[in-house]
Amino acid sequence: MSQSYNRGLIEDFGRWKEFSAGMWAWIFHKFTGWMLIGYLFTHIAVLSTAVGAASGDASLVASGDDIYTTTIQGLESLFIVRVLEVGLLAVAVFHILNGLRLLMVDLGVGLDAQDKSFYASLVLTAIITVASVPTFLDGVTL
Amino acid sequence: MSTQQQEPEQPESQETPKDPEMKGAESPVDEKEKETGEIDQTTADETELEGETVLIKVFRYDPEVADKQEPRFDEFHVPFEKGMTVLDAVMYARDHYDSSLTFRHSCRQAVCGSDAFFVNGKQRLGCKTQMADLEHPVRIEPLPHQEVVKDLVVDMDHFYDQMHTVEPYLQQDDLPTGDLEEQRQSRENREKIKMSTRCIWCGACMSSCNIAAGDNEYLGPAAINKAYRFAMDDREDEEVKEHRLRIIEQEHGVWRCQTQFSCTEVCPKDIPLTEHIQELKREAVKKNLKFW
Ligand code: HEM
Ligand code: SF4
Ligand code: FES
């Protein structure tokens with residue numbers, strides 16, 4: 001080979017408008033999987049620092065003034081935390097639904113409808129997310 | 001806008017024309033051309049293309065020509081004809097405007113697999129893609145993720161190497177005795193491997209695969225499909241099948257596939273590549289999991 005031209009990877013993410021259903025499903029699944037991992041560790045960190053006081057004074061716990069209760073109440077009173085919870089639900093629901101789709105793909109079931117099942121996961125995720133908004137945003141002010 | 005190119009009187013020289021975008025080549029409508037062509041087999045609006053010229057933008061690169069060392073796009077106005085394929089369009093451009101325009105082609109009927117291009121952002125076979133089915137102007141580029149040798153010609157060596165890795169030939173020394181040495185296959189088994197035998201080695205699938213782009217050692221959809229074609233063939237013995245499964249279950253084999261379905265979507269022979277890869281994954285697991 002005398003000389004040739006390597007066009008590199010410009011064809012990939014620069015062309016996201018041309019991606020097909022299966023490609024989007026893959027990107028979203030990766031993204032949501034790692035978001036869930038991120039949430040898991042944040043969750044552990046926040047709770048394990050908050051339970052420090054749980055062993056403490058029974059009267060504080062009874063009156064609801066222990067660190068655990070105040071931490072949770074403090075977080076839940078923040079509008080941004082409520083919005084993030086809606087986001088977490090959306091991410092988890094999509095990951096589960098598309099995860100089921102991937103299990104079907106692995107078993108070789110319904111491969112001809114793989115794009116439709118991806119769109120179905122998206123639509124279901126959207127419906128469940130929207131339906132959850134009243135519950136998650138209940139009693140919080142900006 | 002009914003202008004079109006006039007054919008040059010003199011045969012083109014091998015040199016690049018001084019006017020690669022053909023700006024100076026506009027001419028009044030050729031009456032003869034105007035009478036030809038209705039489009040019926042297409043999705044495009046019939047009146048839109050009839051007797052018109054279509055604009056193609058073709059990727060140019062040539063390490064031996066100074067102003068093509070940096071890749072660029074050349075535009076050609078090609079007179080549209082009923083049934084015109086992408087390959088017809090680039091051939092017209094080569095024969096009438098710029099004889100240095102380089103691409104591979106041979107059979108013109110989706111059999112030889114030499115003319116896979118990247119057309120409007122998708123890997124397609126030039127001779128199997130109707131111009132009228134495409135959005136205009138039509139952008140024609142060499143296959144992505146392969147080194148460009150010149151214009152639309154890419155280096156296929158790596159693709160062929162991967163194909164040969166899976167030993168793409170029937171392995172059975174135990175031939176039937178007698179005059180007839182033919183090895184018979186059951187109808188059911190023929191049906192089973194039918195789609196997988198259709199591969200024409202065009203490389204479109206490999207080029208579309210995001211995993212193959214990131215992992216140069218990945219066997220790729222075509223090679224795995226080739227392995228499937230033989231692993232599922234009953235005429236080979238069980239040991240040979242196990243040997244084949246050992247090849248495809250390696251680190252850069254079937255497990256690299258992330259079921260993005262890109263390959264299945266571009267394969268001009270409609271081979272269900274993802275399905276075959278998934279089936280081999282299950283076969284590989286079954287081979288290694290023996291509880292009984
Ligand atoms: C019912 C719940 C779940 C189902 C059905 C599910 C299913 C799946 C499936 C099928 C895969 C892809 C495997 C492949 O590449 O083919 C996957 C990947 C993954 N999942 Fe889940 N999952 C679930 C819950 C979770 C949870 C709770 C977490 C995090 C704590 C998580 C994190 C991940 C990660 C990080 C990946 C890998 C993403 C990557 O490819 O980089 N999943 N999941
Ligand atoms: S599997 Fe299809 S896309 Fe891939 S090389 Fe063979 S014919 Fe071309
Ligand atoms: S020219 Fe042979 S496949 Fe297109």
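B:His145 is partly exposed, with a relative accessible area of 26%; the classes are buried under 20%, exposed over 50% and partly exposed in between, with a 1.4 Å probe and protein chains only. B:His145 sits in the loop between strand 7 and strand 8 (148-150) of chain B, where helices (H or I, at least four residues) and strands (E, at least two) are DSSP runs numbered from the N terminus. Its phi is near 65 degrees, a positive value in a residue other than glycine.

This is a predicted model, in which local features need pLDDT of at least 70, side-chain atom pairs count only at pLDDT 80 or more, and totals for chains, interfaces and linings use all residues. Residues are numbered from 1 along each chain as its sequence is written, chains are lettered from A and ligands numbered from 1 in the order in which they are written, and side-chain values use heavy atoms, with hydrogens and water left out.

**Backbone of chain B**

B:Glu167 also has a positive phi, near 55 degrees, in a residue other than glycine; B:Glu167 is placed in the loop between helix 4 and helix 5 of chain B. The peptide bond from B:His136 to B:Pro137 is cis, with omega near -5 degrees. B:Pro137 belongs to the loop between strand 6 (122-125) and strand 7 (138-141) of chain B.

| Residue or bond | Backbone angle |
|---|---|
| B:His145 | phi near 65 degrees |
| B:Glu167 | phi near 55 degrees |
| B:His136 to B:Pro137 | omega near -5 degrees |

**Buried positions of chain B**

B:Pro63 lies in the loop between strand 3 (53-60) and strand 4 (72-79) of chain B. B:Pro63 counts as buried because its relative accessible area is 10%. Leaving aside neighbours within four places in sequence, B:Pro63 is in contact (heavy atoms within 4.5 Å) with A:Gln3, B:Gln69 and B:Val149.

B:Lys241 is part of helix 9 (residues 238-248) of chain B, and with a relative accessible area of 17% it is buried. Beyond its neighbours within four places in sequence, B:Lys241 is in contact with B:Ala231, B:Met232 and B:Glu283. One of these, B:Ala231, is among the buried residues of helix 8 of chain B.

Helix 8 (residues 221-231) of chain B has 11 of its 11 residues buried. What covers them includes helix 4 (157-165), helix 5 (187-194), helix 6 (204-208), helix 9, helix 10 (262-266) and helix 11 (273-288) of chain B.

**Chain A and the iron**

Chain A has five helices and zero strands. Its radius of gyration, taken over C-alpha atoms, is 22 Å, whereas a compact globule of 142 residues would have one near 14 Å by the rule of 2.2 Å times the number of residues to the power 0.38. The C-alpha atoms of chain A fill a box of roughly 80 × 40 × 35 Å along the principal axes. Of the 142 residues of chain A, 25% count as buried.

Which residue is the only protein donor of the iron atom of ligand 1? That donor is A:His95, through NE2 at 2.0 Å; donors are N, O and S atoms within 2.8 Å of the metal (3.2 Å for Na, K and Ca), and because water is not among the atoms, sites may look incomplete. A:His95 is in helix 4 (residues 79-107) of chain A.
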